[in-house]
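Visitor: I would like to learn how to read a protein model, feature by feature. Could you take me through this one slowly?

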Amino acid sequence: MPGENWKTVYFEKPGRENTDETLRLTKERAEKLGVRNIVVASSTGVTGVKASEIFRGYNLVIVTQVAGFREPNVQRFLPENRVIVERNGAKVITAAHAFGTLGRAVNRKFNTIQIDEIIAHVLRLFGQGVKVACEVTCMAADAGLVRTDEDAIGVGGSGGGADTAIVVRPSNTHTFFDMRVREIICKPRL
């Protein structure tokens, strides 16, 4: 809104203890802006379940990690959480990280950084959650679950739970530089 003052909330520390407040602030801002697309990162589904209870009636997309992310052949998103999230009307996608899957493999094998990891590191200058929020909105756009011509709110975290929310104009991963971070709703103070 032109001329409108809106505060950004800065948490003293990153982490899951900010999840409830992050989701509350996200809902408040989504209602104020009329944003209906919410994209939330959730590794085990705990944050996804909370979001699915708060954002009923929204286009809520929960983005999970690929199987094997932490240990071979293990999917961390718990099946019982998927049932709850989907019953509450949210969509769940499991996809390779937009900013680092093949690049991470090249790094591990040849000890050299690829462009996707450079982008991830630059976004982390604003905090891990900003990087995650940008990444999951790209992944949701790649899956066709959010449009690239409508704002969305991306929600990410710093290793568990949610502590960051941004208003973003999503892009597909292959057109990443068309993405626009329009507002920071909340994030940890670094």
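Guide: Let us begin with the salt bridge, which is a side-chain nitrogen of Lys or Arg within 4 Å of a carboxyl oxygen of Asp or Glu. Before the examples, please note that this is a predicted model, in which local features need pLDDT of at least 70 and side-chain atom pairs count only at pLDDT 80 or more, while totals for chains, interfaces and linings use all residues. Residues are numbered from 1 along each chain as its sequence is written, and side-chain values use heavy atoms, with hydrogens and water left out.

Visitor: How many salt bridges does the structure hold, and which residue meets Arg169 in one of them?

Guide: The structure holds 13 salt bridges, and in one of them the side chain of Arg169 meets that of Asp151, at 2.8 Å from N to O. To place such residues we use helices (H or I, at least four residues) and strands (E, at least two), which are DSSP runs numbered from the N terminus. Arg169 lies in strand E6 (residues 164-169) and Asp151 in the loop between H6 and strand E5 (152-156), so this pair ties together parts that are 18 residues apart in sequence.

Visitor: Is Asp151 buried or exposed?

Guide: Here the general idea is a set of cut-offs on relative accessible area, computed with a 1.4 Å probe on protein chains only: buried means under 20%, exposed over 50%, and partly exposed in between. Asp151 is buried, because its relative accessible area is 17%, whereas Arg169, at 26%, counts as partly exposed.

Visitor: Which other residue meets Asp151 in a salt bridge?

Guide: The side chain of Arg182 also meets Asp151 in a salt bridge, at 2.9 Å from N to O. That pair links distant parts of the chain, with Arg182 in strand E7 and Asp151 in the loop between H6 and E5, 31 residues apart.

Visitor: How should I read a pocket, and how much space lies in the largest one?

Guide: On a 1 Å grid over the protein atoms alone, a pocket is an open set of points with protein on both sides within 12 Å along at least five of seven lines, whereas a cavity is a set of points where a 1.4 Å probe fits but cannot get out; lining residues have an atom within 4 Å of a point. Grid points are joined across faces, edges and corners, and the volume is the space filled by probe spheres set on the points. In this structure the largest pocket has about 590 Å³ of space, and of its 30 lining residues Ala41, Ser43, Gln65, Gly159 and Gly160 lie nearest the centre. The elements that give two or more residues to this lining are helix H2 (46-54), strand E3 (59-64) and helix H6 (128-142), with H6 giving the largest share, six residues.

Visitor: What kinds of residue line each of the two largest pockets?

Guide: For this sorting, Ala, Val, Leu, Ile, Met, Phe, Trp, Tyr, Cys and Pro count as nonpolar, Asp, Glu, Lys and Arg as charged, and the others, Gly among them, as polar. The lining of the largest pocket divides into seven nonpolar, 15 polar and eight charged residues, while that of the second largest pocket has 12 nonpolar, no polar and one charged. The second largest pocket holds about 250 Å³ of space and is lined by 13 residues, of which Leu123, Phe126, Cys134, Phe176 and Val181 lie nearest its centre. Helix H5 (115-123) supplies the largest share of that lining, four residues.

Visitor: Where is Phe126 placed?

Guide: Phe126 is in the loop between H5 and H6, and it counts as partly exposed because its relative accessibility is 47%.

Visitor: Which residues have a positive phi without being glycine?

Guide: Among them are Asn73, with phi near 65 degrees, and Asn111, with phi near 55 degrees. Asn73 sits in the loop between E3 and helix H3 (79-87) and is exposed at 77%, while Asn111 sits in the loop between helix H4 (101-110) and H5 and is exposed at 69%.
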